[in-house]
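Please look at the sequence and the structure below, with an eye to charged side chains and to the backbone.

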Amino acid sequence: MDKNSDRENYRRVTSILYPFSGLKEISPEVVQRAADRGTKVHKICEAIVEGLGEFNVDEEAKPYVESFKLWWGEGHEVVEMEKRFWDDNNRLTGQCDFILKTGKGLNIVDLKTSYRPSKTWSVQGSAYAMLARQAGYDIQSIQFIHLNKLGKYPKIYEYPVDETFFLDVLRVYDYFFENKKAGKK
């Protein structure tokens with residue numbers, strides 16, 4: 001079996017963080033609607049970044065897209081967009097929305113359309129930074145762009161890169177969830 005076909009079974013960063021996110025306490029229908037909205041807004045924002053314009057912007061997506069355009073209009077240099085990374089040692093994968101070049105170096109950027117910030121964002125960003133660093137990107141910082149549901153300027157959350165904390169969370173996840181699947185104590 002080659003490495004790429006085996007990668008289909010790699011764990012996603014977001015799946016590892018899910019038990020710690022609090023999303024289990026929210027109705028699955030609400031979570032699914034929010035995920036669908038986020039996917040839709042992400043695709044529109046990607047088209048804007050690629051210079052293709054705005055397509056399929058419905059009333060639900062419009063304020064989030066307007067919020068994104070306020071931030072994007074400040075000018076940003078894209079190094080990568082929707083880049084998937086792989087960690088063969090930990091059998092892990094993650095995909096960040098952007099790697100941007102800033103005056104301080106390379107920055108992981110993730111767009112969010114959630115109702116409120118998540119306590120897992122800093123860990124998610126650190127995981128993406130770790131994966132990107134393993135792939136040769138010198139990531140210096142993490143930003144989560146929390147798009148505003150009223151179309152106002154988004155809230156920017158900046159986090160330090162803390163690979164050790166993510167690896168600690170991964171160990172906890174493996175102990176409580178992966179070992180259980182394998183029938184280990």
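The structure holds 9 salt bridges, each being a side-chain nitrogen of Lys or Arg within 4 Å of a carboxyl oxygen of Asp or Glu. This is a predicted model, in which local features need pLDDT of at least 70 and side-chain atom pairs count only at pLDDT 80 or more, while totals for chains, interfaces and linings use all residues. Residues are numbered from 1 along each chain as its sequence is written, and side-chain values use heavy atoms, with hydrogens and water left out.

In one of these bridges, the side chains of lysine 40 and glutamate 60 meet at 3.1 Å, N to O. Lysine 40 lies in helix α3 (residues 28-49) and glutamate 60 in the loop between α3 and α4 (62-72), so the pair ties together parts that are 20 residues apart in sequence; helices are DSSP runs of H or I with at least four residues, and strands are runs of E with at least two, numbered from the N terminus.

Lysine 112 forms a salt bridge with aspartate 110, the closest N and O atoms being 3.2 Å apart. Lysine 112 is buried at 16% relative accessible area, and aspartate 110 is buried at 4%, where buried means under 20%, exposed over 50% and partly exposed in between, with a 1.4 Å probe and protein chains only.

Turning to the backbone, most residues other than glycine have a negative phi. Glutamate 82, although not a glycine, has a positive phi of about 50°, and its place is in strand β2 (residues 77-87). Arginine 91 likewise has a positive phi of about 50°, and lies in the loop between β2 and β3 (92-102).
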